[in-house]
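The following note was prepared for a colleague who wishes to review this structure point by point.

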Amino acid sequence: MSEIVAETIASKELADDSISSKKTKQDIPLSKRVSGWDYAWIAAFLAPFLILYVSFTIYPLVATVWYSFHEWNGSGALDEFIGLQNYIDIAQDSSFWLSFNNTIVFAVVNTAIKLPLSLLAAIILTQRWMWFKRIWRTVFFAPLVIPVALAGLVFDFLLNSRGALNDVLTTWGILERPIDFLGTPDTALITIILISVWQIFGQYMIYWMAALQNVPESLYEAASIDGANEWDKLWQVTLPVIRPVATIILFLSFVNALKVFGLVAATTEGGPGQSTYVVSYFIYNQAFRDMPFRYGYASAAAVLFGVTVLIAITLQGYFVRRAQH
Amino acid sequence: MKRLSIIFALVALLAISLAPVIAQEEVTLRIMSYSAEQQEFYDAAVQEFTAETGINVVWETLSRDAYEETLPRMFDDGSAPDIFFWLGANRVLTVSELIDAGWIQPLDASVLPDDWMSRWDDGIFVEGINIIDGDIYSFPFNDNKIWGAGYMYINNLVWADAGLGEDDIPATWSDLTSVCETVRESGPYCVAIPLEGTHFQRTWYPLAGVNYTDNFFDYQLGRYNMDDLRHLETFEYIQSLYADDLVIPGVNGRDETRAAMAFGEAAIYFGGAWMPSVFANTYEFTDVTAAPAPTPDDGLSGALAQTNSENKYFISSTSEHATEATQFIEWMTRPDGYFAQNFLELGFGTLAYADNGAYITDPVMLQVVDIAMNQRPNMRVQYPEPAIECPAVASSQAFVNAENIRRNWEWEEMVLALTTGADFEPIAQEIAAAKNEEFLATIEAEGISPDCFAFPDWDLTTNFDPAMYSMGD
């Protein structure tokens, strides 16, 4: 069976190669393809995007790097240049590294739980025999439209030591004493991770469903003729074919999880102690919350963290290319 | 008729075109603060001011969190109000901080009466604190004797349901534990303590302030003091309340714990002088008794810090109406004026420039005043101000650098120890050692003597006598 499937995949790749081997527009130099007024039109159509991109992406990015070399509280003149001092201080700041560590743990565990679960749900919801598909999709997708602050509030009430979950667990004798899931250092971070998974699960399920729907039906038919069962089809057809998309989904999930902020702000404010401190919350506290504001210092933390995200994105490109081959 | 219509149309056009010019001449002051529950009062107050002076005023309020996030952004984009309310990181040196930030400008002294400063007690206006280079930048708003942390509030209904009466109000920590056990046996928890963020301070200040000081810096010895045995003793006592299941469990926010007390889930909440107003206006709850915080079993051995820290209203540097803003401040600070009378009558707090006893009518607020003025007059004592001892301290970064080792370090670690039951002493020693090291290194680099921060002849429980300043002697 696997030979037939492999042949089918190989013939598809061959067809793709033959298409790409034809001479495309990209092979003709720009100066020969475009002339005169075309340049004006290109500039006119690109201008709105470029203006927005420079204003809202490039400028803030450059400004953040510039601020990071200053002792600055976010207001007044930016006149106290201190070079790399903020970076040196950050490197020695245990709170930053703790928050960095928590953020990585959050992103890894969140991704490790979220992706397999959402893939499983997507596989089940793309089966022909599944009933009420639309209802299920809506059910799984609904948490995504709930604002993070509201989700935080709801779970705060649900999971605190006097909340509904503790009521049930203590009434049934599962717990002797209630546990404040968000207020206990050992459980707070994993609780936030699970709330985050609950909220974002539907979005990744949709990604997986889109990937699954792109697997050619002919591959499944060929596999069936070859006597493959559903499990074989999953391992031998579905997963290999969606591997490039899966890599993108994996990195998207990881990079998005690195940016966790709202749930922490809405549920634990980084506590108890610093057990749920994450980088975004650290930056927010330094820049906007704890007086006196340290905008320059927060900018340095943001730049350092941005480099981490950039590395993750670069790795994504590398792994996607590898998966495609 | 046709000609008349044309003339009428021209006059109308002229009136319309001139209207903005005329309107531009009218000044509208914008004031911003938090305490949204007081909005109705502010609206009435500004109407009164407008009726008297013809100057329009709009007073906007936000919730505290929203306000503290919004105001700095308003300074960034140039939309700051003319007058704003602000609590600085270092409450005594807020004016210096805000001048450094470029947020404020001085009051226009030309429209202030000559005796304006006499509305406050002597010694309130101090160069380096609210006067810089001879210009007045702010004024103490709330009084600093009554106003502040340090009170114990009891839900009378929960108290009565537990079979407790007025005579059972705990005077000592042992009494508190004992009545708490009684309350707990009747069902509700005894104490509601907020642990989220830095809100643990609401319970810490009253209990630390009766044993030693509410400060994490000892101004007698000139050092950070988290490792002091008296602080550790206070912490252990609070930890024992948790261990005995007498406190609402979990990490709860400020509003959750206030609501828990107001709605009968707990009997006691420790809070500031503002709580009668908060209970009444936010929770419509008035069946409450205010009492002094229980002392250690061997009696009162500490005091809360009374500092020149109530400079809270400022004229923003971006305001083009400093004169009108100063007029408003002058009107607002009239000891027998509309603002003072109604602010006090409505129980919103106490004022530094008015006779608080004369206008307060709220019975719980009157109890608060009685506690601070009569029952426990040394509950809050006047603290020395290092910036007066050594003017260079006003620009020192020593406290800032020590705090920057880790913001909110004490609070975070105390909360952690309360939620885990861990021994706090080792971390307390680590905090004190790290902060003292950074503090001493900074002042050494700045050329400031450690003696500027130490007042060994003062005992922390009595008012600091200004004669004790050596002023470089």
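1. Throughout this note, two residues are in contact if their C-beta atoms, placed from the backbone, lie within 7 Å. In that sense, Ser95(A), Phe96(A), Ser99(A), Phe100(A) and Thr103(A) in H5(A) meet Val279(A), Tyr281(A) and Phe282(A) in H13(A). By class, this contact of H5(A) with H13(A) comprises five nonpolar and three polar residues, with no charged ones. The two helices pack at an angle of about 145 degrees, and their axes are 8 Å apart. The model is a predicted one, and local features are reported where pLDDT is at least 70.

2. The crossing in which H10(A) passes H11(A) is right-handed. On the H10(A) side the contact involves Leu219(A), Tyr220(A) and Ala223(A); on the H11(A) side it involves Asp232(A), Lys233(A), Gln236(A), Val237(A) and Val241(A). Five of the residues in this contact are nonpolar, one is polar and two are charged.

3. The peptide bond joining Gly271(A) and Pro272(A) is cis, with omega about -5 degrees. Pro272(A) is located in the loop between helix H12 (262–267) and H13 of chain A. Phe132(A) has a positive phi, near 50 degrees, although it is a residue other than glycine. Its position is in the loop between H5 and helix H6 (133–141) of chain A.

4. Chain B is divided into domain 1 (12–144 + 308–333) and domain 2 (149–306 + 369–473). Their C-alpha centres lie 31 Å apart. Between the two, 11 residues of domain 1 of chain B are in contact with 10 residues of domain 2 of chain B. The side of domain 1 of chain B that touches domain 2 of chain B holds four nonpolar, six polar and one charged residues.

5. One open sheet of chain B has five strands in the order S2-S1-S3-S14-S4, with mixed pairing. Strand S2 (56–61) and strand S4 (104–105) of chain B are at the edges; each has a single partner strand, so one side of each is left without a neighbour in the sheet. Within the sheet, strand S3 (residues 83–85) and strand S14 (residues 313–316) of chain B pair in the antiparallel sense over three bridges. Ile83(B) stands opposite Ile315(B) in S14(B). Helix H11 (residues 322–332) of chain B lies across S1 (28–33), S2, S3, S4 and S14 of chain B, and runs at about 165 degrees to S14(B).

6. Another open sheet of chain B contains four strands in the order S8-S11-S7-S12, again with mixed pairing. Its edges are strand S8 (189–191) and strand S12 (288–292) of chain B, each with a single partner strand, so one side of each is left without a neighbour in the sheet. Neighbouring strands of this sheet are turned against each other by 25 degrees on average, direction ignored. Strand S7 (residues 151–155) of chain B pairs with S12(B) in the antiparallel sense over five bridges. Tyr153(B) has Ala290(B) as its bridge partner in S12(B).

7. Helix H2 (residues 39–53) and helix H12 (residues 338–345) of chain B have axes that come within 10 Å and cross at roughly 160 degrees. H2(B) and H12(B) are therefore roughly antiparallel to each other, and their crossing is right-handed. Phe41(B), Ala45(B) and Glu48(B) of H2(B) make the contact with Tyr338(B), Phe339(B), Asn342(B) and Phe343(B) of H12(B). The residues of this contact are five nonpolar, one polar and one charged.

8. Which helices of chain A each supply at least two residues of the side that touches chain B? The contact as a whole takes 25 residues from chain A and 26 residues from chain B. The helices in question are H5 (94–125) and H13 (279–289) of chain A. By class, the side of chain A that touches chain B has eight nonpolar, 14 polar and three charged residues.

Conventions:
Residues are numbered from 1 along each chain as its sequence is written. Chains are lettered from A and ligands numbered from 1 in the order in which they are written. This is a predicted model: local features need pLDDT of at least 70, side-chain atom pairs count only at pLDDT 80 or more; totals for chains, interfaces and linings use all residues. A crossing is left-handed if the near helix is turned anticlockwise from the far one by less than a right angle, and right-handed if clockwise. Ala, Val, Leu, Ile, Met, Phe, Trp, Tyr, Cys and Pro count as nonpolar, Asp, Glu, Lys and Arg as charged, and the others, Gly among them, as polar. Two strands pair if DSSP finds at least two bridges between them. Axes are lines fitted to C-alpha atoms, for helices over the stretch in contact, and angles run from 0 to 180 degrees between N-to-C directions. Domain bounds come from an automatic or database domain assignment. Angles under 35 degrees count as roughly parallel, over 145 as roughly antiparallel, 65 to 115 as roughly perpendicular and the rest as oblique.
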